[in-house]
Amino acid sequence: MGSVERSKRRVQLWKKAIVHFGLCFVMGFFTGFAPAGKASIFTSHVAASNKSQSSPQPVEMLHQQAASTPHASNVNRSLIAETAVPAPPSSKESDHATFLEKEETESKLAPRRLAIIVTPTSTKDPYQGVFLRRLANTIRLVPPPLLWIVVEGQSDSDEVSEVLRKTGIMYRHLVFKENFTDPEAELDHQRNVALRHIEKHRLSGIVHFAGLSNVYDLGFFDEIRQIEVFGTWPMALLSANEKKVIIEGPVCDSSQVIGWHLRKMNNETDKRPPIHISSFGFNSSILWDPERWGRPSSVQQTSQVLVPI
C-alpha cells in the first residue's frame with residue numbers, strides 16, 4: 001500500500017509540473033505575437049531626435065551657420081560694445097562726488113533769504129509798461145522768497161496795477177500823492193517811500209533797488225542773498241548815443257570797500273559823485289533794528305541819498 005501511494009503522489013507532481021510548463025509555453029507563444037514593434041520604433045525615433053539635438057555639432061557646421069547670419073553676429077557685437085561695463089571710479093573721484101552731493105543737499109535745505117526788490121516808476125515815461133513787463137518776466141523766474149515793491153505817483157492810469165496782478169509775483173504797490181517837476185527828485189522820493197515802508201513793517205531781507213531799464217542775470221539774485229550787512233558790485237552802463245559800455249564799481253581790499261571807479265563827470269568840482277543806486281544791496285534790518293548795528297536809534301528821516309565812500 002505504501003508503494004502505491006508514493007507512486008500516485010509522483011504522478012500528481014508530474015501532472016502539476018506539466019500543467020505549469022504548458023501554461024508558461026502558451027503565454028510565451030501568444031506574447032510573441034503582441035505588437036511590440038511600434039513601441040520600439042517610437043522609442044528609437046525619440047532617442048534619435050534627442051540625440052540629434054543634444055549631440056555636439058561639428059566645427060565646420062558651426063562656421064557655416066555663423067557665416068549664414070552675419071547681421072545677427074554684428075548686432076550682438078554692437079550690443080556687447082554698447083553695454084560695456086564702466087570702470088569703477090577712483091577713491092578721489094568718489095570722495096569729490098560725495099562732497100558735491102552733500103553741498104548741494106545742504107544748499108537745498110538751507111532757507112533762502114527774502115529778496116526785497118524796490119522799483120520806482122514814472123508815468124511820464126512812455127515805455128513804462130514795456131520796461132515793467134520785461135522786468136516782471138525776469139523777476140518771476142527768481143526762486144522765492146521774493147518781494148517786489150513798486151512805487152508810483154498817483155494817477156488815473158491803472159496800467160501798473162494790471163501788470164502786477166498778472167505776474168504771479170508777491171508784490172506791494174505803493175502810491176504817493178506829491179507832485180514833482182524834477183524827475184531825479186521824484187525817483188529819490190519814491191525810494192524813500194519804499195524804505196519807510198520796509199522800516200515800518202520790519203521787513204527782513206536784502207534790499208536792492210532795481211530800475212526799470214536794468215537787465216539781470218538770474219544768478220545775481222542768488223548772490224545778493226549771501227549779503228550779511230552790505231554788499232556792492234561793479235555795474236555795466238550801456239551808452240546808446242556814444243555806442244560804448246562804461247563799467248562802474250567798488251575798489252575793494254579783501255572785504256572792505258576803499259574806493260570807487262566812476263565815469264567822468266561834467267562838474268569836476270562836485271564833492272558828491274553819483275554812485276549808481278543799483279550797484280549795492282544791504283540788510284533791511286539796518287533800517288528798523290539800530291541796536292544790532294550800533295546805532296542809538298532809528299533814523300527818523302530815512303533817505304537813500306548817497307555820500308562818497
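Leaving aside its neighbours within four places in sequence, L146 touches L114, A115, I117, I139, I169, M170 and R225, where contact means heavy atoms within 4.5 Å. The model in which these contacts are found is predicted, so that local features need pLDDT of at least 70 and side-chain atom pairs count only at pLDDT 80 or more, while totals for chains, interfaces and linings use all residues. Residues are numbered from 1 along each chain as its sequence is written, and side-chain values use heavy atoms, with hydrogens and water left out.

L146 also belongs to the largest nonpolar core, which has 23 residues and in which I117, I139, L146, W148, F221 and I224 have the most contacts. Such a core is a set of buried Ala, Val, Leu, Ile, Met, Phe, Trp, Tyr and Cys residues joined through side-chain atoms within 4.5 Å; buried means under 20% relative accessible area, exposed over 50%, and partly exposed in between, with a 1.4 Å probe and protein chains only. At least two residues of this core come from each of β1 (115-120), α6 (128-139), β2, α7 and α9 (219-224), and the largest share, four residues, is supplied by α6. Helices (H or I, at least four residues) and strands (E, at least two) are DSSP runs, numbered from the N terminus. A second, separate core of 20 residues includes L174, I277, F282 and L287.

Strand β2 (residues 146-153) runs parallel to strand β3 (residues 171-176), and six bridges join them; two strands pair if DSSP finds at least two bridges between them. Within this pairing, W148 stands opposite Y171 in β3. Together with helix α7 (residues 159-167), β2 and β3 make a right-handed β-α-β unit, right-handed meaning that, with the strands pointing away from the viewer, the path from the first strand over the helix to the second runs clockwise.

The structure also holds eight aromatic pairs, in which rings of Phe, Tyr and Trp (its six-membered ring) have centres within 6.5 Å, planes under 30 degrees apart counting as stacked, over 60 as edge-to-face and the rest as tilted. The pair of Y127 and F131 is tilted because the ring centres are 6.3 Å apart and the planes lie at 50°. Y127 is exposed, with a relative accessible area of 52%, whereas F131 is partly exposed, at 24%. F209 and F280 form an edge-to-face pair, 6.4 Å centre to centre with 65° between the planes. Because F209 lies in strand β4 (residues 206-209) and F280 in strand β9 (residues 280-283), this pair ties together parts that are 71 residues apart in sequence. Both F209 and F280 are buried.
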